[in-house]
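Let's walk through this structure together with a few questions and answers.

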Amino acid sequence: MTYCVAMRLRAGLLFASDTRTNAGVDHIASFRKMYQFQIPHQREIVVLAAGNLATTQSVMSLLNQRLNSEGEHLLNVPSLYDAAVLLGHTLKEVVARDSGGGMQSQGVDFGANFLLGGQIRGEGPRLFHVYPQGNFIEATEDTPYFQIGESKYGKPIIDRVVRYDTTALDEAAKCTLVSFDSTIQSNLSVGLPIDMVMLRANQFEQAMQPPHRIERDDPYFLALRSGWSAGLRKVFDELPNEPWFDA
């Protein structure tokens, strides 16, 4: 399992992913789930992956391999929509190849989900959720974020805090890390380190920064975790008790 979050806000885009792909009593494996594609001053694209590890690695390997081909690839498609179409087609190609045409084969689920977002000069920032079947939806001002993987534990805080128009990128980062902490606390299959990238709208960098990696001993994350836990307990203690139990 995994947990990935991507947001499209007026201020820009945020992407975050954990690195745990398998968890058990005696086995924990970590793999990077964030991929970046860039032409300086022209396009910035980030892809997050969740699902069958063999499928996601094959899809990303093909997308990288085809960057040197004469056909359509992530560095020459005219729009982010076309990038999502390309990713969906590549996903369907890999699943059909490995599963014999179906999503399930011999009890193995070959499905995968992807979040693809960024900006290509000439259009605004965009964000897509690509489903295992290869189709996709786009983030809107009403629904400015997507989650894939183990999403239920981290969703409530994002729903309460994030707004397309008013949430700044640093606030989005803080909210996202609280969302990850809540998920990590409740589910063994999600774990540190966390990779995070933020892209400001309409500010194409000469070189897109590599993901900022948040390790177990990261002082900001530890302070955030401690402050959030203490704050929750304080608010809980201040809430009134039920009035009917002893009535």
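Q: Which strand does β1 join over five bridges?
A: Please keep in mind that this is a predicted model. The two strands in question run antiparallel, and five bridges hold the pairing. Within it, alanine 6 faces phenylalanine 146. The partner of β1 here is strand β12, residues 145-149.

Q: In β2, which residue is the bridge partner of methionine 7?
A: β1 also pairs with strand β2 (residues 12-18), in the antiparallel sense and over six bridges. A hairpin of two residues links β1 to β2. Across this pairing, the bridge partner of methionine 7 is leucine 14.

Q: Which residues point one way from β1, and which the other way?
A: In a regular strand, side chains alternate between the two faces of the sheet. On β1, Cys4, Ala6 and Arg8 make up one set, and the opposite set is Tyr3, Val5, Met7 and Leu9.

Q: Why is strand β1 described as largely enclosed by the rest of the structure?
A: A residue counts as buried when its relative accessible area is under 20%. The residues pointing either way from β1 are all buried. Strand β1 is largely enclosed because the number of its residues that are buried is seven of the seven.

Q: Which are the edge strands of the open sheet of five strands?
A: The order in this sheet is β5-β6-β9-β10-β11, with antiparallel pairing. From one strand to the next, the twist averages 15 degrees.

Q: What angle does the direction of helix α2 make with that of β9?
A: Helix α2 (residues 80-99) packs on the sheet and touches β6, β9, β10 and β11. Its direction and that of β9 make an angle of about 155 degrees.

Q: Is histidine 41 buried, partly exposed or exposed?
A: Histidine 41 sits in the loop between β5 and β6, and its phi is positive, near 70 degrees. Most residues other than glycine have a negative phi. With a relative accessible area of 44%, histidine 41 is partly exposed.

Q: What is the relative accessibility of asparagine 202?
A: Asparagine 202, in the loop between β13 and β14, has a positive phi of about 60 degrees without being a glycine. Asparagine 202 counts as exposed, with a relative accessibility of 57%.

Q: Where is proline 193 found?
A: The peptide bond from leucine 192 to proline 193 is cis, with omega near 0 degrees. Proline 193 belongs to the loop between α4 and β13.

Methods. Residues numbered from 1 in each chain as written. Predicted model: local features only at pLDDT ≥ 70, side-chain atom pairs only at ≥ 80, totals over all residues. Heavy atoms only, no water. Buried < 20%, exposed > 50% of the residue type's maximum accessible area, 1.4 Å probe, protein only. Helix = DSSP H or I, 4+ residues; strand = E, 2+ residues; numbered from the N terminus. Pairing = 2+ DSSP bridges. Axes fitted to C-alpha atoms, helices over the stretch in contact; angles between N-to-C directions. Contact = heavy atoms within 4.5 Å.
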